[in-house]
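Q: I have a protein model open and want to learn to read it. Can we take it feature by feature?

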Amino acid sequence: MAVRLPRGFRAGATRAGIKPSGRPDLALLVSGLPAAWAYAATQNRAAAPSIHRGRALYASGKPLRAVVVNAGNANCATGERGYEDDRRMAELAALRLGLSPEEVLTASTGVIGVPLPVEKIEKGLPEIGLTPFAEAFAEAILTTDTRPKVAEAEVAGARIVGLAKGSGMIHPNMATMLAFLVTDALVPQEALRAGWGRVVERTFNQVTVDGDTSTNDLALLMANGAYGEVPLEAFFEGVEAVAQELARMIARDGEGATKLMVVRVVGAATEEEARRAARAIAGSTLWKSALYGNDPNWGRILAALGNSGARFDPLRVRIVLQGIPLYEGGVLPFDREEAGRAMRAEEVEVLVDLREGQGEGEAYGCDLTEDYVRINALYTT
């Protein structure tokens, strides 16, 4: 079923020849009205030119009208030429849309260290037809993903639609992900930016697939006001619901993954400690391997928890896997075969109660399989 974008937004894509596969690889997302926007990007010091340019635009405080995305080429670590090519991509998109380059955000994802084929972008942009539907854009931004990622919500009549990509090189702050959320709600830019930071911390920064953080990732929220005002608390609840669904999709589509891991930590001293503890468990290579093998090895969970920095007393901690209690201040009697069978589900939940306070947090990950190694062993060959 086609997902319609919020009022005033259009999107489209084409095959520009950037991806060797010949699949769609160049996309536009456009607002008919100037939009308030909030933005989060990688903290990797080797960030791509698109990230540096995006930060400069963000600091200006000016409205945003469009995003141009190329998938297949990260345009990162390509020297001064990379910055020139990124600016040129923005200029070409602005020319195509009748905008100024300062109204256009750029995003790139793909192989690092390869010059951006700007001539293909110049040829491809006029071929993009814009429609009020999300699917073409969602497909074109993919790299090693196996499926598009689209989520939506409605708040008091306003719509929120999220589009994302991400499969590998996924770890908090942020990951090899691009996420674009758009809404027709009218939200002041200051409020939008304050609320978006909190949403990102609880959703996209709680995803881990392999412990590697990308050079190109970003998460964007645009609000063009075409619908009008809505209650802010309800609005951000809707934004977080969409972002959380996208985060889960990214983890479930982890390179080579066979199952989604959801880690829920309760009873932490603070929310931040709960999130940190959940991330440590979701990111443990040993536990991810056990998850793949359907091995209820709770010791891997406890060891990861102990490395997280969260405060707890091992004599009070409780660990539950798929509803089966495994540990409570010591090993509990449980049927190992039954627990192993329960782990064969497409979604596996780990619940940990630290019994230190009221802090709660979730993290999203996946199992580690041979296919992850195969995909990344052959990535540039």
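Q: In which helix is A90 found?
A: Helices (H or I, at least four residues) and strands (E, at least two) are DSSP runs, numbered from the N terminus. A90 is found in helix 2, residues 79-97. Residues are numbered from 1 along each chain as its sequence is written. This is a predicted model, where local features need pLDDT of at least 70, side-chain atom pairs count only at pLDDT 80 or more, and totals for chains, interfaces and linings use all residues; side-chain values use heavy atoms, with hydrogens and water left out.

Q: Which residues does A90 touch?
A: Contact means heavy atoms within 4.5 Å. Leaving out residues up to four places away in sequence, A90 touches R53, P101, V104 and T106. A66 is 24 residues from A90 along the chain, and their C-alpha atoms are separated by 9.6 Å.

Q: How many helices and strands does the protein have?
A: Count eleven helices and 13 strands.

Q: Why does the radius of gyration agree with a compact globule?
A: The radius is taken over C-alpha atoms, and the globule rule is 2.2 Å times the number of residues to the power 0.38. For 381 residues the rule gives a value near 21 Å, and the protein has 21 Å, so the two agree. Along the principal axes, the C-alpha atoms fill a box of roughly 65 × 50 × 40 Å.

Q: What share of the residues counts as buried?
A: Of the 381 residues, 54% count as buried. Residues 24 or more positions apart account for 80% of them.

Q: Which positions does UniProt list for "binding site"?
A: Treat such a record with care: annotations may be inferred rather than shown by experiment. The unreviewed UniProt entry lists T143, K165, T176, E255, N376 and T381. Take T143. It sits in the loop between helix 4 (135-140) and strand 5 (149-155). T143 is partly exposed, because its relative accessibility is 26%. Beyond four places in sequence, T143 touches A71, G72, T109, G110 and K165. Take N376 next. Helix 11 (residues 370-377) holds N376. N376 is partly exposed, with a relative accessible area of 35%.

Q: Where is E273 found?
A: E273 is found in helix 7, residues 271-282. At 8% relative accessibility, E273 counts as buried. Its contacts, not counting residues up to four places away in sequence, are A268, A310 and R311.

Q: What is phi of A156?
A: Phi of A156 is near 50°, a positive value in a residue other than glycine. A156 lies in the loop between strand 5 and strand 6 (158-165). A156 counts as exposed, because its relative accessibility is 51%.

Q: Where is the place of Q322?
A: Look in the loop between strand 10 (318-321) and strand 11 (324-328). Phi of Q322 is near 50°, a positive value in a residue other than glycine. At 25% relative accessibility, Q322 counts as partly exposed.

Note on methods. Buried means under 20% relative accessible area, exposed over 50%, partly exposed in between (1.4 Å probe, protein chains only).
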